[in-house]
Amino acid sequence: MTLAMLPIDRVRAFPPRMTEFTERFWRNLSTGRFETTRCENCDRFSFPPKPFCPHCWSRQVAWAPLSGRGKLYSQTVVHAAPSAFRDEIPYRVGIVDLDEGLRVATRVLADREPMLETSVEIVVLNYRDGPLFAARSVG
Amino acid sequence: MTANVAILGAAVLPVAKWQRPLDAELQILEHESLAKIVIEAVADSGIDKSEISSLAFAQPRPYTQQRYFATFIANYLRLPCTGAVQEVLGNGMTAALAFEAAANEIRLGRSRVALALGINWESAIPAVEHMMSSMRATGDVDFHAPYGFTPISWYAMDAARYIHEFKSSREELASVSVKNRRHASLNPIAQFRKPITLEEVLSQKPIVEPLGLYEVPPRGDGAACIVLVDEQIARASGKPYVRVRGRGFFHEGAHQISEVPNDMIALVSAQKAGEAAYAEAGVTASDIDLAELYAPCTIIEILASEALRLVPRGQGARLCAEGVTSLGGRMPICTSGGLQSRGHPAHVTPFYSFFEVYEQLTGRAGARQVANARLAVTSAELGNYNAAMVHVLEGVQ
């Protein structure tokens, strides 16, 4: 399943660092593929992706696709921001529980305050210098 | 045999914006301000300087120019020590960990008198710059910070969730600010002392929705020193003192959010640390006379008071609005004025909680005095209460 992709005509305010391990996550995200690691020993997903399983510490992990679907657990609008984000205020962030049983924190795209527990999808924000992701209401 | 630990003296600097602009010709510097407080605290205890043998400091903010601050102060105050001299860091819990480090020297029999002390100077650093650092502390630098989460944005999401789950309201949450300001108006060391109304709280500019300016902590500077002693020394002194009766700690193994979805606003760390502290003290929440909680935002006071079972789950905000947690109410919470009004010099904030409890349990709290107060609970936390340190303290007159 491929995520919707939105071009953003500026660079990321505070870009994530990449490692040899997480490079795959960010490269694939930029083409609309959302994935993470899953343990081959205990079958549990992990996020952010890790080269081991945080639950059983097995190093036998494999990349697995995520549906990019979930529910909005909570959200807020930030009005007082660190200097790197001063051009973006106010902006909305939130916590999303993905269908795979993972909780992530990200930007939320919504003009009006969304209801909590509303169904959301993950979308790709393709900035000039690389990707981030965000959540928006489905439909 | 493990010694019992007692607080026999304490002093704090009023919370204020003490730090001068970095280019000001005349500075107010950390070592001079802290030394004054140390001498005051030790005089309060009646202990002779030569009996002090351990120093546990809250690590200063990175803005403090003097590094190796602990050994610098050991020199500045001429304090040779046979126990330990150390600086402790643990995010918002820093001062509670320093308190524990000092207490442990006594429990282990290595010291009979230990100081827990520190200073937090930061107010000359603009908030937008300070947040460039703090956002890297309260979130994953690569998977949270790029989205612009600030430390209190996590608490704001707790607030949104609480309102959603328990059909509470911003008005109920904001009543915490009104109550805490009323308490602070009676506290000479509080940063903000002019009483405020609910309407004033609600009309402030938004900071992290639904929370406005008066529902989040102000920035400020502070310094504190707590004199901890073997209880035998406290008893022999003939002075009122405070016994450390129980202690509990729990870290949930998560940083801001759990990647496995959980009930984020249950504050499981506060629940478990509280249970451990109550058990060690041999008390239950219903025995507690007052609570001084680490709660940067209004919602966190509500959630922590529920997690520590001081008020029933889901009813904390309503009960605050009804006055139950006010001075004179059934369960007074944050009689100092709390972090919104007493102030929040973060690395030393838990010292101020111990100071308030020391004043209350030794009957020195003046107009804030909780009548017949004997047992108090304190909490400290880090992240989004991902970890909690809880103490039960008892006044001995």
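In chain B of this predicted model, helix α5 (residues 151-166) packs against helix α10 (residues 298-307) at an angle of about 65°, their axes lying 9 Å apart. Axes here are lines fitted to C-alpha atoms, for helices over the stretch in contact, and angles run from 0 to 180 degrees between N-to-C directions. Helices are DSSP runs of H or I with at least four residues, numbered from the N terminus. Local features need pLDDT of at least 70, side-chain atom pairs count only at pLDDT 80 or more, and totals for chains, interfaces and linings use all residues. Residues are numbered from 1 along each chain as its sequence is written, and chains are lettered from A in the order in which they are written.

From α5(B), the residues B:Y155, B:D158, B:A159 and B:Y162 meet B:I299, B:I300, B:I302 and B:L303 of α10(B); contact requires C-beta atoms, placed from the backbone, within 7 Å. This contact comprises 7 nonpolar residues, no polar and 1 charged. Ala, Val, Leu, Ile, Met, Phe, Trp, Tyr, Cys and Pro count as nonpolar, Asp, Glu, Lys and Arg as charged, and the others, Gly among them, as polar.

Helix α10(B) also packs with helix α6 (residues 170-184) of chain B, at an angle of about 95° and with the axes 8 Å apart. The two are therefore roughly perpendicular, a term covering angles of 65 to 115 degrees. Here B:L173, B:A174, B:V176 and B:S177 of α6(B) meet B:T298, B:I299, B:E301 and B:I302 of α10(B). The residues of this contact divide into 5 nonpolar, 2 polar and 1 charged.

Helix α3(B) is followed by B:G109, whose phi is positive, near 80°.

Key: Two residues are in contact if their C-beta atoms, placed from the backbone, lie within 7 Å. Angles under 35 degrees count as roughly parallel, over 145 as roughly antiparallel, 65 to 115 as roughly perpendicular and the rest as oblique.
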